[in-house]
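Open the model in your viewer and show it as a cartoon. The tour below goes from one selection to the next.

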Amino acid sequence: MIKVLVAEDSPTIRVFLTAILESESDIKVVAAVSDGAAALEAVRRLKPDVVTMDIHMPGLDGFSATREIMETVPVPIVIVSGAVQDEVAATFKAVEAGALAFIRRPAGLGHDDHEREAEALVTAVRLMSEVKVVRRWKRAPAIAERVAAVTAVASTSPREKARVVAIGASTGGPVALQTILSALPAEFPLPILVVQHIARGFVMGFAEWLDAGCAIPVTVARDGEEVMGGHVYVAPDDRHMGVDAYGRIQLIDSPPEAGLRPAVGHLFRSVTAQYGGRSIGVLLTGMGADGADDLCVLRTLGAVTIAQDAASSVVHGMPGVAIERGGAMHVLAPAAIAAKLVEVGGS
C-alpha cells in the first residue's frame, strides 16, 4: 500500500485529490493538511511514501515546505499545481529545492481532460513511491563556480567535431538539465535541442527557469526559426521537434509515439537525418524507452552518445535501456555530462 500525504490549502481540492487517489486499491491517503508547517509535521510523524504538494498555502508555502522536508526528512514530493504563471514559476523553485515531479492539478469531474489528468496524478504517485530520495543540502555551488569547474576539466581534453547537441529527458529531467546547462560556458558554440516530457502548460515556465540559471539563452522553440550556436531550444507542448535541411526548427503535429508528443525519438531521428555522426546525443533520466533505439542509431553513425548513470537518475528507464542496447558511448552523471559536452563540442 502506498501511503500519501496531501498538502493543499483548499478544502474542496483536498477532498477532490483524496478521492482520486483513494479510488485506487493500492493507494491510501494517510493525512490531508492545509499548509506547509502541517505537512512538515505530518511527514515526520506519519512517514508517508509520497507527498503531493500545493504551491500557494498560508504560512509555510509549498516551496518552503519542500525545502524543509528535503533538508530534514526527505520523501518523494510531487508538486500538484495549476498552470497559471505565478504557480508555474513557484513550481520550478520547488523542483530546484528537491521535488521530484510536478503535474497539473486534474480538471474537475465531467471535464474532457479529467480522466487523463487524474491518471497522470496516480501514475506520478506510484512512480515516485519507488524512488529512493536523499537529503538535499542547503545550497549547490554557484553557477559561476560550476562553469569554471567544467571549463577547467574540459580544457585539458581533446575534442571531436560536432554541429549539434540533442537531449531527451523525462521524469527527473528538469534538475538534470539544469545541472548540465547551467555549467556550460557562455561561449559554448553548438545549438542544443531539448525534448523534455512535461505536463501541458509548464514548458514556458520551464524554459524561463532554465534560462535564469544559464550563461547561454534558453527559449521555447518556434517553428521555422534558424538554429543558432550557443542557444538552447526546448520543444513546445504537444508538437514533435526536429531540424530541417536548412538548419531551421521544424515543429510537426504527426501522431504521438508511444503516447508521447513531443518524443525524444523523433528529435533523435531528425538529428540523425541532418547531421549523422556530426552530432551529440544525450539521454537523461526518465520512465520508458523513448529515444533509446534512436540513440543506438546515432552511435553506429559515429555520433558521441551519452546516457545518464543509474545513481544520479530519478528513473533509469530511458538511459538504462539505451545502455543495455549498446547505444551509450559514455555513461555519466549530469555534472560530468556538462564537462563531456564542453570537451567534445566546445570551441
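**The five-stranded sheet**

Start with the open sheet of five strands, which pair in parallel in the order E2-E1-E3-E4-E5. Strand E2 (27-33) and strand E5 (101-104) are at the edges with a single partner strand each, so one side of each has no neighbour in the sheet. From one strand to the next, the twist averages 25°. Strands (E, at least two residues) and helices (H or I, at least four) are DSSP runs, numbered from the N terminus; two strands pair if DSSP finds at least two bridges between them.

This is a predicted model: local features need pLDDT of at least 70, side-chain atom pairs count only at pLDDT 80 or more, and totals for chains, interfaces and linings use all residues. Residues are numbered from 1 along each chain as its sequence is written, and side-chain values use heavy atoms, with hydrogens and water left out.

Next, select strand E4 (residues 77-81), which runs parallel to E5 and is joined to it by four bridges. Ser81 has Arg104 in E5 as its bridge partner.

**Helix H1**

Now select residues 11-22, helix H1, which lies across strand E1 (2-7), E2, strand E3 (50-53) and E4. Helix H1 runs at about 165° to E2 (axes are lines fitted to C-alpha atoms, for helices over the stretch in contact; angles run from 0 to 180 degrees between N-to-C directions).

**Arg248**

Finally, go to Arg248, in the loop between strand E10 (240-243) and strand E11 (249-252). Beyond its neighbours within four places in sequence, Arg248 is in contact (heavy atoms within 4.5 Å) with residues including Glu225, Val227 and Gly242.
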